[in-house]
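Let's take a walk through this model together. Have the sequence and the 3D view open side by side.

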Amino acid sequence: RNNFNVMTLNKLIGFMKREADLPPKSIVITFDDGYKNNCLYALPILNRMEFKATFFLIAGSIGKDEPFKHLLWDQASSAFFSKHTETRLPLSWEDVTVMQCCGMEIGSHGLTHRSIGYLGREAAQREIFESKEILEDAISSKVKSFSYPFGSVIYNDFNAHTANILRDAGYESACTTEIGAVAKGDSVYELRRIPVR
């Protein structure tokens with residue numbers, strides 16, 4: 001209704017690399033983790049609105065018929081899961097294929113959803129490189145973007161060390177959970193976002 005210009009993350013990065021001005025009212029829609037409900041509920045709405053989005057997936061969880069462990073932190077969340085399994089179960093590989101066929105971008109959210117900044121170099125490389133390889137093999141397309149698990153600068157979930165590993169792996173951008181809009185001159189490996197819950 002308000003004529004926002006919805007673009008893909010890769011298109012945004014193209015503007016940033018050229019230091020070109022974005023069209024007015026531009027936004028990118030992103031989803032983290034890769035919940036089953038992304039395909040069940042979000043995808044039909046995105047298709048109806050003719051919007052494209054980027055879905056950051058936990059590569060080591062896709063296709064498993066068990067809930068994301070980092071979401072079952074107490075009795076209340078476990079009880080909620082028992083009534084709404086689609087809110088805690090990961091996507092299947094078939095779901096991922098359907099989303100990609102609808103023009104959605106696939107990015108990595110790590111291999112096992114661990115804070116990259118806290119890991120030693122070898123473990124961080126595994127999270128970053130292996131998740132990319134698994135996703136690229138499955139979708140037969142390049143995975144260019146990453147979303148830091150937890151994504152907070154205060155808790156050291158990302159830093160210059162993690163950005164260097166991402167560059168080495170061939171990623172062109174990375175999203176944080178730091179709140180704010182993206183501005184010209186920002187690092188493409190420390191993109192802020194505005195949460196919508």
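Is Asn3 buried or exposed? Before the answer, some ground rules: this is a predicted model, where local features need pLDDT of at least 70, side-chain atom pairs count only at pLDDT 80 or more, and totals for chains, interfaces and linings use all residues. Numbering starts from 1 along each chain as its sequence is written, and side-chain values use heavy atoms, with hydrogens and water left out.

Asn3 is exposed, because its relative accessible area is 69% (buried means under 20%, exposed over 50%, partly exposed in between, with a 1.4 Å probe and protein chains only). You'll find Asn3 in the segment before strand S1 (5–6). Helices (H or I, at least four residues) and strands (E, at least two) are DSSP runs, numbered from the N terminus. Asn3 is not a glycine, yet its phi is positive, at about 55°. Most residues other than glycine have a negative phi. Phe150 also has a positive phi, of about 70°, and sits in the loop between strand S6 (145–147) and helix H6 (160–169). With a relative accessible area of 46%, Phe150 is partly exposed.

Now hop over to Ser173, in strand S7. Ser173 counts as buried because its relative accessibility is 0%. Leaving aside residues up to four places away in sequence, Ser173 touches Leu9, Ile13, Lys144, Ser145, Phe146, Val188, Tyr189 and Leu191 (contact means heavy atoms within 4.5 Å).

Lys36 brings us to a helix pair. Lys36, Asn38, Cys39 and Leu43 in H2 meet Asp95, Val98 and Met99 in H4. The axes of H2 and helix H4 (residues 93–101) come within 9 Å and cross at roughly 35°; axes are lines fitted to C-alpha atoms, for helices over the stretch in contact, and angles run from 0 to 180 degrees between N-to-C directions.

Last stop: the largest pocket, lined by 36 residues, with Thr30, Arg193, Ile194, Pro195 and Val196 nearest its centre. A pocket here is an open set of points on a 1 Å grid over the protein atoms alone, where a 1.4 Å probe fits, with protein on both sides within 12 Å along at least five of seven lines; lining residues have an atom within 4 Å of a point. S3 gives the most to that lining, with five residues.
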